[in-house]
Amino acid sequence: MADPKKLTEEEWSEKLSPESFRVLRQKGTEISHSGKYNEHFATGIYNCAGCNTPLFDSDQKFNAGCGWPSFDGELTEAGIEQKTDHTHGMVRTEILCGNCGGHLGHIFNDGPSETGLRYCVNSVSLSFEKKGEGVKG
Ligand SMILES: [Zn+2]
């Protein structure tokens, strides 16, 4: 696959579903409780929907009750980038895929586990891969 950081927005729009494009590339947010991974607790890996980089393990997922998939940590190879976000009159920390720069969601310091972190991620930014069904790519 070509370097995802070099894809143009037009190429992204052809590659992604309209909803994934809106969230990953235009920093949109899916409607809470609408995402397919919000109440999804199978064992496996959550990859970036844009470039397939493994981002989170199902062991890191917890039910935050906020309506979006939530994680208390990331996979070391994910390399998630953090950026201060001042939109919507709030100061939040945006999280982006370390490989393709796609918008994932936001990170907060009110997580319930020992990491104290809550990665609040859009389902459409993720693509789930069940464990034990062979590794793709
Ligand atoms: Zn990515």
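## Overall make-up

From the N terminus on, the elements of the protein follow the order α-α-β-β-β-β-β-β-β-β-β, that is, two helices and nine strands, where helices (H or I, at least four residues) and strands (E, at least two) are DSSP runs numbered from the N terminus. The radius of gyration, taken over C-alpha atoms, is 14 Å, close to the 14 Å that the globule rule (2.2 Å times the number of residues to the power 0.38) gives for 137 residues, so the protein is as compact as a globular protein of that length.

This is a predicted model, in which local features need pLDDT of at least 70 and side-chain atom pairs count only at pLDDT 80 or more, while totals for chains, interfaces and linings use all residues. Residues are numbered from 1 along each chain as its sequence is written.

Strand β1 (residues 44-48) is joined to β2 by three bridges, and Asn47 stands opposite Pro54 in β2.

## The sheet of six strands

A further open sheet, also antiparallel in its pairing, is formed by six strands in the order β3-β4-β8-β7-β6-β5. Here the edge strands are β3 (61-62) and β5 (81-85), each of which pairs on one side only. Five bridges connect β5 with the antiparallel strand β6 (residues 92-96), and Glu81 is placed opposite Leu96 in β6.

Note on methods
Pairing = 2+ DSSP bridges.
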